[in-house]
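Here is a short briefing to read alongside the model. Keep the structure open and follow the topics in turn.

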Amino acid sequence: MSTAPAAVSAGRASESAPRPPAAVIARRWVARLTMPVLLLLPAMVIIVGLIGYPLVRTVYLSFTDTGLGELIYGGSTWVGLDNFKEVFSDEHLRASLVNTVVFGTLCVIGTMVFGFATALLLNQRLRGNWFFAIAVLLPWAVPAIAASAIFKWLFDSRYGFVNWALVELGFSGFQDYAWFAGRVSAYVAIFITVVWQSFPFIALSLLAGLQTIPKETLHAAAVDGAGPWNRFRLVTLPLLRPIVAVLVVFSTIWDFKIFDQIYVMAAGVPDRAADTAAVAAYREGFALSHYGLGSAVAVVLFLILLVFSLLYVRLIGREGSA
Amino acid sequence: MRKFSVAVVGVVLAAVVAACGGSDDQQTGDKATASDKLSGSISVWIMDPGSPKIQSVVKQYGTDFEAAHPGTKVDIQFVPWAQAHDKFVTAIAGGKVPDVAEMGTTWTPEFADQGGLVEQPQISKGDYVSSLVDAATLNGKVYGKPWYAGARALIYRKDMLQKAGVEAPKTWDDMMAAAKAIKSKVGGGVYPVSFTGLSEHMYLPTIWQAGGQIATQDGETWKSALNTPEAAKALDYYASFYKDGLDPKAAVGWEEPDAQTAFANGDVAMLIAGGWTYNSIIATKPDLEKKIGTELAPAGPSGKNTAFAGGSHLVQFQESKNKDLGAAFVDFMLEPAQLNKFTSEIGFLPGTTDGIKASGYLDDPQRKPFAEQLLDHSAVYPPSPKWGGLEGANIFDGEIQKVMKGQSTGQQAVQELAKKMDEEFAG
């Protein structure tokens with residue numbers, strides 16, 4: 001802290017002197033660097049401690065045969081790529097990766113479409129829209145584990161609201177329908193839960209974006225004869241592209257690593273066929289004490305996320321600049 | 001928050017009891033001060049079988065113990081069975097273990113093998129149910145003290161069976177016939193059974209009932225004995241109820257408590273359940289007491305009606321900071337007076353031989369089948385350190401679910417299971 005005023009006074013002194021001595025210049029540079037580094041240090045320490053260390057440790061574990069005993073007492077052995085070979089040869093783990101990519105992508109699409117629709121609706125100057133804007137936020141405030149438990153009950157075969165409502169509406173096939181007894185039907189229920197929870201953030205972010213679009217631009221487009229769809233496609237969407245890009249990347253990361261909803265709702269799906277990579281990694285590590293293999297699943301998931309995120313950023317970035 | 005308030009209530013109650021305590025409390029207090037003075041605090045994990053009564057009895061243990069030993073604190077937490085195995089693993093890996101815990105008998109060898117548990121020195125076999133001591137033994141050393149035990153028998157709705165015109169089933173064939181009669185005659189959306197996809201203690205014993213074995217000891221290691229026609233037949237029998245629509249469609253993804261809820265709600269007529277479940281059901285729905293009948297588990301084609309002898313040990317963890325206080329609390333919980341309180345209220349049999357004699361179960365016609373089932377018609381799973389891992393991995397659940405859904409046959413399932421078990425036993 002004491003170096004900053006010194007630097008300032010040194011700077012002032014140099015105005016009158018024709019040429020400051022080298023020592024003063026050097027001190028000025030040190031001062032200029034010290035402050036930023038000092039200010040960033042706490043954040044750096046926290047990031048390295050909370051993100052860097054676990055990341056490095058997970059990558060390291062994925063190359064070892066660490067079990068519970070090795071974790072407590074040490075002594076794990078390096079097994080090279082064996083764990084990764086197992087990830088792709090084991091039927092259940094391979095299926096969990098496919099589930100992650102397919103189901104995650106569907107969730108991203110669902111969330112974006114629903115979020116966009118809600119944002120456009122809220123952007124209309126309708127009476128009481130502020131009330132709906134607040135109401136839309138509520139699902140986002142519900143903890144994922146609580147939401148999953150609630151939706152599991154809503155989709156319960158005998159006591160659930162969903163089956164009751166469907167039967168009342170005349171779909172009698174849903175009497176005692178067991179949503180979680182099959183992979184596809186379980187995914188339908190989980191999809192609704194995930195989208196319900198994640199669309200508010202997307203909707204409100206897009207709403208903020210929509211409100212920055214100058215009305216003059218839209219009016220001009222209307223004068224030029226553009227209908228509502230063309231105004232959306234040719235004016236609104238390109239202007240929102242940077243926001244959409246960021247939101248798609250966020251959603252991808254969230255939806256590819258969903259854990260709570262799958263852990264709570266898909267536990268009874270026969271042969272655990274609906275597990276995603278995050279749940280498979282947890283089960284492999286903590287239920288089976290195969291920490292090496294579990295870490296390998298986590299690393300593969302990390303790489304998948306990295307590839308998808310880079311892909312999006314490049315794709316959307318390029319279109320934006322063209 | 002909840003944990004905190006429980007602790008507060010405990011402390012307040014302890015103070016009240018200590019203040020107004022008569023000569024009884026004084027005596028136990030004197031006994032303790034005669035030996036080493038106990039102090040400090042311990043955390044205790046107790047499994048939660050969903051019975052409100054077990055919580056109050058165990059909380060009372062903590063309160064009484066604290067009152068008898070001023071200056072000590074016992075923090076009791078309840079962990080649902082379904083999450084317990086994962087929680088123990090996480091706790092050991094993270095170094096945040098409880099001092100004392102109730103542990104399922106099939107897990108004790110596993111955690112002992114990993115070096116997580118303290119060896120229990122004062123075990124003499126005559127005092128405890130011997131199969132439960134065997135289940136806690138690894139390489140000749142005992143790592144847990146048997147607390148309680150139970151075996152699942154059959155409970156059924158007398159009114160529904162009467163309506164269907166059938167007697168309580170005694171064999172597999174009876175069971176199937178009764179189920180079909182209930183399906184056609186009772187109505188009201190009642191399902192005859194709830195055989196679930198996630199309750200191994202319901203389906204694995206059918207292998208014994210069919211005359212098969214689960215695993216055999218082969219010197220140091222174990223070998224799967226599942227790849228047999230008997231085991232295949234057992235899984236096919238179990239799954240046939242689901243396939244024939246005699247079992248709720250959602251049951252393939254149910255845990256045991258889901259089946260119990262369905263029975264308590266009157267949606268299911270017959271349930272494989274232990275005495276603790278029976279107690280829990282009539283505690284929540286007292287009017288069911290007169291409607292529920294009990295019977296031994298149905299016998300398979302071999303004539304055996306074997307059920308799984310389950311139960312729990314009290315264990316202490318190696319990384320516990322206060323092993324003396326932990327040991328004292330374990331011994332306190334195993335005192336005959338405390339055990340009697342427990343068994344009468346909860347519906348388990350004690351793990352000590354004296355406790356069983358004093359329980360009076362064999363004189364109560366409604367509860368007699370549970371005691372008979374445990375004493376004469378029960379067996380334990382292989383006490384291998386690998387067994388807990390097999391349970392944790394849910395390998396059995398996945399295969400039985402596939403048979404129930406018709407995606408695989410009993411024969412394919414036992415073949416696959418035998419392969420997976422042998423891999424785990426060897427690895």
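Helices (H or I, at least four residues) and strands (E, at least two) are DSSP runs, numbered from the N terminus. With that in hand, B:Ala151 lies in strand 6 of chain B. This is a predicted model, in which local features need pLDDT of at least 70 and side-chain atom pairs count only at pLDDT 80 or more, while totals for chains, interfaces and linings use all residues. Residues are numbered from 1 along each chain as its sequence is written, and chains are lettered from A and ligands numbered from 1 in the order in which they are written.

**A residue to start from: B:Ala151**

- A residue is buried if 20 or more other C-beta atoms lie within 10 Å of its own, exposed if 12 or fewer, and partly exposed in between, with C-beta atoms placed from the backbone.
- B:Ala151 counts as buried because 28 other C-beta atoms lie within 10 Å.
- Two residues are in contact if their C-beta atoms, placed from the backbone, lie within 7 Å.
- Leaving aside neighbours within four places in sequence, the contacts of B:Ala151 include B:Ala307, B:Phe308, B:Ala309 and B:Gly310, and also B:Phe370, B:Gln373 and B:Leu374.
- B:His69 is 82 residues from B:Ala151 in sequence, and the two are 35 Å apart in space, C-alpha to C-alpha.

- Two strands pair if DSSP finds at least two bridges between them.
- Strand 13 of chain B is mostly covered, with 10 of its 10 residues buried.
- Strand 6 of chain B pairs with strand 13 of chain B in the antiparallel sense over six bridges; here B:Lys145 has B:Leu314 as its bridge partner.
- Strand 3 of chain B also pairs with strand 13 of chain B in the antiparallel sense, over five bridges, and B:Val100 stands opposite B:Gln316.
- Strand 15 (residues 378-379) of chain B runs parallel to strand 13 of chain B and is joined to it by two bridges; B:Phe308 has B:Ala379 as its bridge partner.
- Strand 1 (residues 40-48) of chain B is joined to strand 3 (residues 100-104) of chain B by two bridges, and these strands run parallel; B:Trp45 is partnered with B:Ala101.
- Strand 1 of chain B also pairs with strand 2 (residues 72-80) of chain B, in the parallel sense over nine bridges, with B:Asp75 as the bridge partner of B:Ser43.

**An open sheet in chain B**

- Four strands of chain B form an open sheet in the order 8-11-7-12, with mixed pairing.
- Strand 8 (191-193) and strand 12 (292-295) of chain B stand at the edges with a single partner strand each, so one side of each is left without a neighbour in the sheet.
- Within chain B, strand 7 (residues 153-157) and strand 11 (residues 268-273) pair in the antiparallel sense over four bridges, and B:Ala153 stands opposite B:Ala273.

**Chain B and its domains**

- Chain B holds 20 helices and 15 strands, and buried residues make up 52% of its 427 residues.
- Domain bounds come from an automatic or database domain assignment, which gives chain B domain 1 (2-150 + 310-363) and domain 2 (153-309 + 369-426).
- In chain B, 27 residues of domain 1 are in contact with 25 residues of domain 2.
- Among the elements that give two or more residues to the domain 1 side of this contact are helix 3 (52-68), strand 6 (145-151) and strand 13 (307-316) of chain B.

- The domain assignment of chain A gives domain 1 (3-61) and domain 2 (82-321), and their C-alpha centres lie 42 Å apart.
- Helix 7 (residues 144-154) of chain A has as its buried residues A:Ala147, A:Ser148, A:Phe151 and A:Lys152.
- These residues are on the same side of helix 7 of chain A because they cover an arc of only 135° around the axis, the arc being that of the directions from the helix axis to the C-beta atoms.
- A:Ala146 and A:Trp153 are exposed on the other side of helix 7 of chain A.
- The buried residues of helix 7 of chain A pack against helix 9 (183-210) and helix 12 (260-265) of chain A.
- The contact between the chains takes 19 residues from chain A and 25 residues from chain B.
- Helix 3 of chain A gives the most to the chain A side, with four residues.
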